[in-house]
Amino acid sequence: MRLRLVPAETNYDFFKLRYVTMGASVVAMIVSIVLWLTVGLNFGIDFRGGTTIRSEAVQPVDVAAYRQAVDALQLGDVAISQVFDPTFADDQNVSMIRIQAQDGQESVTGTVIAEMEAALKAVDPSLKFTSVESVGPKVSGELIRTAVIAVAAAMAAILFYIWLRFEWQFSVGAVVALFHDVILTIGIFSLLQIRFDLATIAAILTIVGYSINDTVVIFDRLRENLRKFKTTPLQEVMNMSVNETLSRTLMTSGTTLLALIALLFLGGDVIRGFVFAITWGVIVGTYSSVYVAKNVVLFLGVKRDWSKPDGGSGGGGAGTQFANIDA
Amino acid sequence: MLQIAAWKRFTIWAVCLMGLLLAFPNGFYSRVEMHNDAVAEIEALGSTPEREEAAALWPSFLPSSLVNLGLDLRGGAHLLAEVQVADVYVERMDGYWLGVRDALVAIRDDVGFVERVEDAPEGELHVRISQAEGLPAALTAVRALAQPVASLTGVGATDISVSGRGNTIIVSLSPEEKAATDNRTIQQSLEIIRRRVDEVGTREPTIQRQGSDRILIQVPGIGSAEELKALIGTTARLTFHPVIQQTSNAEAVPGPGEILVQDLDDSSLYYILERTAVVTGDDLVDAQPGFDQNGLPSVTFRFNPSGARVFGRYTTENTGAPFAIVLDNQVITAPRINEPITGGSGQITGNFTVDSSTQLAVLLRAGALPAEMTFLEERTIGPDLGEDSIRAGRIAALIAFAAVLVFMALSYGLFGIFANLALLLNVALLFGLLSLLGATLTLPGIAGIVLTIGMAVDANVLVFERIREELKTAKGPSRAIELGYEKALSAIIDANITTFMTAMILFALGSGPVKGFAVTLMIGIVTSVFTAIFVTRLIVVMWFERKRPRTIEV
């Protein structure tokens, strides 16, 4: 007896709904970008500067009273929120307080933090401050730049490697799929207003790594099948390849998701945003390997006769004639 | 046929055994940590019965390296400081002024009177001469003072660039010298911070240079970033200046070559001092907290021979005059010189408490920071939060692990159990390598391990699925297994190389916790590929040799 996520033999037509899925992907990406530009990301202090204080108390958190205490200090924009988590004990009431970067100060002054802590302790003497983090505006600006460079460098490296190992059409397909995953992740972070910080960038790079892993496995099979079935239309070969690797795709996503969901629920609130991003990325990444990457390759066409040198004009090469077969 | 040479089998098992052995101490974390601390203390401070007892908690023939816990897991403080390297240029220029003056005075007939322009831009020395036509001669004389730059990249360059405009000579440090100076400033700052942090006995600080002018300081176990800042934050530049005048006027304009300095305790009190210090803290060899004749806390210091000579001469010549002891541009005290101090030692009295005198002594002993620092980033993580994170991470990891094991066994039966064995070895190898490299485990790093557990089975899944496919074409079990491994290999390699590349970029550009995540991810990729390609295969082959099944089900 075996647990099977998919039947042993599958022959789904992954292209049947290709306009729907392509359309859905494009719409989702546009919505994500619009959300990003209008609602915006909820940047953590890593990227916007400022201070966050995490407090723990025996008594329940009274956000209004906290706010009153902190507002009296006139520190500008202050955000206070209570944190809930299944891993907390009953008498563990946690809140996060964020203050904006103070004008004209590069470094964060200890006096401001001491004043805040004193004001809050007046509200609830049982308060403990379990973490205090401050980032100056100078560093936060650089961190944004580094983050953008990191994601761009990862994509460029992958573009190059896939081009080296496969064909340029594959590398474009893979990178479009990655781009799709990254944009959708930014979209969901804008939509749900989850804090976006350095760890989120790490998560995005992990998503890039995971998604490419999935895509490469399908491409590898496609490469093999293209050599085996030289005259079968490209679309059919692709479909065959996806079907053959479907079981593996779902198995790996399944085990990874299983592990991530355990972490999402039980790993504590400190890394929840990070784990959420990766979980989301695994789902989107699996979808994009099956539906986005290969559709792009199909659209671009691929060189089919591997024994001859690339003789065609332009990048499409000899394979271009098989592109857009029934479109 | 399925064949693996005996030496290969031996190597594979040896690697696994090594991994297990290296990972083993992490299972007894606190015990091994106590042992390690005790061993270090015995080496540094000598043996005591308690230390010997603590050292005996763990047998010395077993490996004892542990995975380092990051700040986010054990609590502590993190600071990112920017060193104001330009401070040093100003000082260097002040130092040059005397030399330039002497050189120009020697050719007074050509250049006339010489005076320093007070409002010159920072880091530049402007000198005015009264006879503008003497400028070429003056430039030649000043250029003769230039020294070759002492650095590898600045070979052939001189340390100052000299130009003239009208009747003014402009001296500034050359770009090569600035680069060399910056480098020296940072190195010196690193060294001094290290001494200051270690003086008070805090353990295992990480003090690293970042970029051209930044220093990252991480100290586990310290109460807060404020505490750490107090420890390293002050420049502690001690200087002794002749006092010209005492005043209560904050707007008083000091004459040429003089500076206005505030009193440390009485903010309405100011002193006008000579800019050039008689002696500086650089000449100190020792500083200790103590008490003065009235029983008040003070700091006793001792000069090195050259400092003692200069100080002795000055106090002999100026007996009866006041002089000021200045710390970081504030006057601590300005006593009158009662008698010549020729012994080279002295005492600073001021408004000290026992704590502040102890701290000043520590700072003076460690030496002054060459330049001021601004703090760009500071983080404090309480130990409780770290403990909570470890607990939550451990539970989540165990459940994730169990879920994956069950899932694999249900999906692939016996082969799934083989893969599970390999997965267990994989995690052991991962911890073993992390301990061996002394890598730091952070909270995202734990997430990285969980992710690795989920993804590590991927290579096995690829192979098993391939074997299933090959079995369909009815080639017999041994051929199917062989083909399965052979054909899945390219996918495994390509998929893992691309993932590894992103992890490397993460490592190169990330910092702190993110770097820790990248390390676990990279090591996880290496160990999971090793266990999938070598270990599972070896287990499968060994099983196959023994059973010789006619048919297999994957």
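Reply: Helices (H or I, at least four residues) and strands (E, at least two) are DSSP runs, numbered from the N terminus. The model is predicted: local features need pLDDT of at least 70, side-chain atom pairs count only at pLDDT 80 or more, and totals for chains, interfaces and linings use all residues. Residues are numbered from 1 along each chain as its sequence is written, and chains are lettered from A and ligands numbered from 1 in the order in which they are written. In chain B, residues 516-540 are 100% helix and 0% strand, with end C-alpha atoms 34 Å apart.

Me: Where does UniProt place the feature "transmembrane region" in chain B?

Reply: UniProt positions are given in the numbering used here, feature names are shortened, and annotations may be inferred rather than shown by experiment. The unreviewed entry lists residues 395-415, 422-440, 488-510 and 516-540 of chain B. Residues 422-440 of chain B are 84% helix and 5% strand, and their end C-alpha atoms lie 24 Å apart.

Me: How many helices and strands are there in chain B?

Reply: Chain B has 15 helices and 19 strands.

Me: What radius of gyration does chain B have?

Reply: The radius is taken over C-alpha atoms, and the globule rule is 2.2 Å times the number of residues to the power 0.38. For 554 residues a compact globule would have a radius near 24 Å, but chain B has 34 Å. The C-alpha trace of chain B spans about 110 × 60 × 40 Å along its principal axes.
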